[in-house]
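Visitor: I've got a fold to look at and a few things I'd like to ask. Could you walk me through it?

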Amino acid sequence: MVPSRSIVINRQSDRLDIAVIGAGLAGSCLAGALARRGIQVALIDTQAGHVSERRDFRAEKFGARQMALFEGLGFGPTLVAHTTATKEVAVIRYGRLAYREVACEWGAPYPVLVRAVRDALPEGLLRPVRVADLDLGPERQVLSLSDGRQIEARLVVLATGLGQALHAKAGLSRRVLSPRHSLAVGFDMAAPRDSFPFPALTYFSERFGGRDAYLTLFPLGHVMRANLFCYRDPGDTWVADLRRDPAATLRATMPRLPAACPDLAVAGPLEIRPIDLVRTEEVERDGLVVIGDAFQTACPIPGTGVGKLLTDVDRLANVHVPAWLATPGMGRDKIAAFYGDLVKKACDAESLRLSRYARSLAVESGAVWRARRLRNRVARTAAYAARDGWKAVASVAHALMLAGS
């Protein structure tokens with residue numbers, strides 16, 4: 001459980017164990033988990049008072065593995081109360097129902113997730129102020145704030161998401177691994193949630209090796225929310241067409257979609273976010289740790305982003321910080337243990353591998369990738385044949401004919 005809100009953090013205390021900069025999902029979860037352990041922590045974010053008003057299209061859905069991490073950090077009950085749960089997803093591949101997956105998923109707009117976590121924090125922990133400068137060293141770190149005050153802490157954690165201003169002040173550099181890697185589009189469906197013939201839907205691209213990954217429809221309260229993922233540039237004509245007439249563009253892109261979802265009318269504006277894969281370099285520094293998207297971004301298509309940032313939080317809060325605080329100093333030798341953590345490294349590497357693989361499988365035109373696409377389609381179609389009988393054999397033959405496409 002997170003600490004009771006009756007616990008009050010002394011705002012006048014300028015000497016702390018940990019200063020977390022950035023009160024997004026990663027920073028807020030980390031600050032709460034550290035406070036739960038009795039560690040003196042401050043959570044600093046200049047936008048802390050405006051989360052309910054900001055539109056921030058990021059993670060809007062997570063599954064059972066991510067919920068287990070939230071629960072381990074003490075936020076499970078809080079997030080259950082602020083999300084919409086589903087237990088079944090209809091999965092459509094190549095224009096036909098592949099299976100109905102029994103899977104627990106929870107959905108909420110990203111600002112709602114962040115606000116729910118922040119509301120569960122001890123009173124006074126969150127400080128709405130800007131960090132103007134920071135001075136790092138092997139013993140104590142000094143943060144100069146925009147209100148003229150200073151905070152001293154043994155460790156600074158940078159959880160500023162996509163923001164880069166403090167990276168420069170800390171002497172960190174960001175390397176773009178894959179620019180314009182993918183495109184995420186979010187919008188609300190016009191029809192009410194209970195009018196859809198499924199609790200949730202994942203509709204994969206009908207085309208063999210196209211630039212469209214999948215469309216997912218899932219409930220957020222009484223609204224059916226849509227997330228569309230593809231490998232397109234924001235300046236493409238297709239994106240302009242989608243903005244102008246979303247329903248017509250969806251029908252043209254996925255001709256068989258209306259059979260599963262007859263009403264494709266969209267309510268309100270589209271939220272379009274280009275995704276770059278970026279990593280922070282030379283991070284082993286005295287007194288500073290970088291986590292979540294501030295360390296390495298993730299493509300939303302494989303669905304690894306929330307799990308990756310929560311793994312950072314879990315390993316830091318439950319393994320490394322308690323060990324570091326038990327002995328003097330906060331030099332880079334200690335910090336290196338976090339970046340060398342086998343669980344963290346495996347999670348980061350798998351997120352990056354899946355992001356690159358999914359894109360290559362969709363867009364690469366070489367013989368190797370065409371063969372992999374064919375292999376995947378034949379394997380899936382054969383599985384449908386085994387399930388449905390001889391009526392699906394023709395689909396296997398059709399997949400073989402596409403080998404040259």
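Visitor: Which residues have the most contacts inside the largest nonpolar core?
Guide: Keep in mind that this is a predicted model. Its largest nonpolar core has 71 residues. Inside that core, the residues with the most contacts are Phe 70, Leu 143 and Ile 291.

Visitor: What does Ile 291 touch, once its neighbours within four places in sequence are left aside?
Guide: Contact here means heavy atoms within 4.5 Å. With those sequence neighbours set aside, the list for Ile 291 is Ala 26, Leu 30, Val 157, Leu 158, Ala 159, Asp 312, Val 313, Leu 316 and Phe 338.

Visitor: How many residues are in the other core that lies apart from the largest one?
Guide: That other core includes Ala 90, Leu 217, Leu 242 and Leu 264.

Visitor: What share of the protein chain counts as buried?
Guide: The chain holds 13 helices and 15 strands. Of the contacts with a separation of 6 or more, 70% are between residues 24 or more positions apart. As for burial, the chain has 405 residues, and the share that counts as buried is 53%.

Visitor: Which residues of helix 2 are buried, and why do they line one face?
Guide: Helix 2 spans residues 64–72, and its buried residues are Gln 66, Met 67 and Phe 70. Looking down the axis of helix 2, you'd find these buried residues within an arc of 100 degrees, so they line one face of the helix. In general, an α-helix has 3.6 residues a turn, so residues three or four places apart point the same way. The names you want, then, are Gln 66, Met 67 and Phe 70.

Visitor: What covers those buried residues of helix 2?
Guide: Just after helix 2, by the way, Gly 74 takes a positive phi of about 95 degrees. As for the cover over the buried residues of helix 2, it includes helix 1 (25–36), strand 3 (61–63), helix 3 (76–82), strand 5 (96–107) and helix 9 (305–325).

Visitor: Which aromatic residues does Phe 70 join in a cluster?
Guide: Phe 70 already came up among the residues with the most contacts inside the largest nonpolar core. Ring pairs also link Phe 70 into a cluster with Phe 62 and Trp 106.

Visitor: Which residues of helix 7 are buried?
Guide: Helix 7 runs over residues 246–253, and its buried residues are Pro 246, Ala 247, Thr 249, Leu 250 and Thr 253. They cover an arc of only 165 degrees around the axis, which puts them on the same side of helix 7. Their cover includes strand 10 (173–192), strand 12 (212–220), strand 13 (223–230), helix 6 (237–244), helix 8 (257–260) and strand 14.

Visitor: Is Tyr 94 buried or exposed?
Guide: Tyr 94 lies in the loop between strand 4 (84–93) and strand 5. Its phi is near 55 degrees, a positive value in a residue other than glycine. The cut-off for buried is under 20% relative accessible area. Tyr 94 is at 15% relative accessibility, so the call is buried.

Visitor: And Glu 282, buried or exposed?
Guide: Glu 282 sits in the loop between strand 14 (266–281) and strand 15 (288–290). Though not a glycine, Glu 282 has a positive phi of about 50 degrees. With a relative accessibility of 62%, Glu 282 counts as exposed.

Visitor: How many aromatic pairs are there, and what kind is Phe 204 with Tyr 214?
Guide: The count of aromatic pairs comes to eight. The rings of Phe 204 and Tyr 214 have centres 5.5 Å apart and planes at 50 degrees, so the pair is tilted. Phe 204 lies in strand 11 (residues 201–204) and Tyr 214 in strand 12, so the pair ties together parts that are 10 residues apart in sequence. In short, the count is eight, and this pair is tilted.

Visitor: Which residue lies over the face of Phe 204?
Guide: Phe 204 counts as partly exposed, at 22% relative accessibility. At 3.9 Å from its ring centre, the residue over the face is Arg 93.

Methods:
Residues are numbered from 1 along each chain as its sequence is written. This is a predicted model: local features need pLDDT of at least 70, side-chain atom pairs count only at pLDDT 80 or more; totals for chains, interfaces and linings use all residues. Side-chain values use heavy atoms; hydrogens and water are left out. Buried means under 20% relative accessible area, exposed over 50%, partly exposed in between (1.4 Å probe, protein chains only). Helices (H or I, at least four residues) and strands (E, at least two) are DSSP runs, numbered from the N terminus. The arc is that of the directions from the helix axis to the C-beta atoms. A nonpolar core is a set of buried Ala, Val, Leu, Ile, Met, Phe, Trp, Tyr and Cys residues joined through side-chain atoms within 4.5 Å. Rings of Phe, Tyr and Trp (its six-membered ring) pair if their centres lie within 6.5 Å; planes under 30 degrees apart count as stacked, over 60 as edge-to-face and the rest as tilted. A charge sits over a ring if NZ of Lys or CZ of Arg is within 6 Å of the ring centre and within 35 degrees of the ring normal.
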